[in-house]
Amino acid sequence: SGHPNQIAVIAWVPFALWLVWLISGSAPVRGFIGLSLVISMQILAGNPQQFYMSTAICFLFLVGALLIRRNYGEVSGWMRSGIRIGLFLTALALGLGLTAIQVVPSLLLSSQDSHRHKPAELI
């Protein structure tokens with residue numbers, strides 16, 4: 001396909017959607033922990049655009065799942081729905097924090113001026 005970074009990010013989307021479903025329903029803590037790890041793996045896969053799109057898809061899926069569960073009486077009240085959305089956003093922040101160990105040094109290294117250091121000329 002020629003785009004391994006995109007495929008590496010998108011490959012995590014079905015698992016992320018399942019974890020979002022857990023957050024919206026019966027196991028919000030397990031979904032929160034798992035989603036944090038999946039988000040960090042998607043970031044480390046290396047394609048920011050696909051990560052952004054998968055995060056947007058997961059958020060829209062969460063809102064839809066909460067509306068469906070609310071109609072069936074599984075999630076009562078707007079407060080519980082707000083807590084579930086807060087769990088999603090906290091999982092996003094935790095996933096970003098987990099990747100900071102790798103991403104921050106990489107960004108610092110990539111910002112170095114590579115033209116300043118010329119290799120020694122061959123004699």
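This is a predicted model: local features need pLDDT of at least 70, side-chain atom pairs count only at pLDDT 80 or more; totals for chains, interfaces and linings use all residues.

Trainee: What is it built from, helices or strands?
Mentor: There are five helices and zero strands. Along the sequence that reads α-α-α-α-α.

Trainee: Take α2 and α3. At what angle do they pack?
Mentor: Helix α2, residues 13–24, packs against helix α3, residues 28–45, at about 155°, and their axes are 7 Å apart. An angle over 145 degrees counts as roughly antiparallel, so that is how α2 and α3 run relative to each other. Their crossing is left-handed.

Trainee: Which residues make the contact?
Mentor: On α2, V13, F15, A16, L19, V20, L22 and I23. On α3, P28, R30, G31, F32, G34, L35, V38 and Q42. Sorted by class, the contact has 11 nonpolar residues, three polar and one charged.

Trainee: Different topic. Where does T55 lie?
Mentor: In helix α4, which spans residues 48–71.

Trainee: Is T55 buried or exposed?
Mentor: Its relative accessible area is 14%. Buried means under 20%, so T55 counts as buried.

Trainee: What does T55 touch?
Mentor: F88 and L92, leaving out residues up to four places away in sequence.

Trainee: What about contacts across the chain?
Mentor: Among contacts with a separation of 6 or more, 70% are between residues 24 or more positions apart.

Definitions and conventions:
Residues are numbered from 1 along each chain as its sequence is written. Side-chain values use heavy atoms; hydrogens and water are left out. Axes are lines fitted to C-alpha atoms, for helices over the stretch in contact, and angles run from 0 to 180 degrees between N-to-C directions. Helices (H or I, at least four residues) and strands (E, at least two) are DSSP runs, numbered from the N terminus. Angles under 35 degrees count as roughly parallel, over 145 as roughly antiparallel, 65 to 115 as roughly perpendicular and the rest as oblique. A crossing is left-handed if the near helix is turned anticlockwise from the far one by less than a right angle, and right-handed if clockwise. Contact means heavy atoms within 4.5 Å. Ala, Val, Leu, Ile, Met, Phe, Trp, Tyr, Cys and Pro count as nonpolar, Asp, Glu, Lys and Arg as charged, and the others, Gly among them, as polar. Buried means under 20% relative accessible area, exposed over 50%, partly exposed in between (1.4 Å probe, protein chains only).
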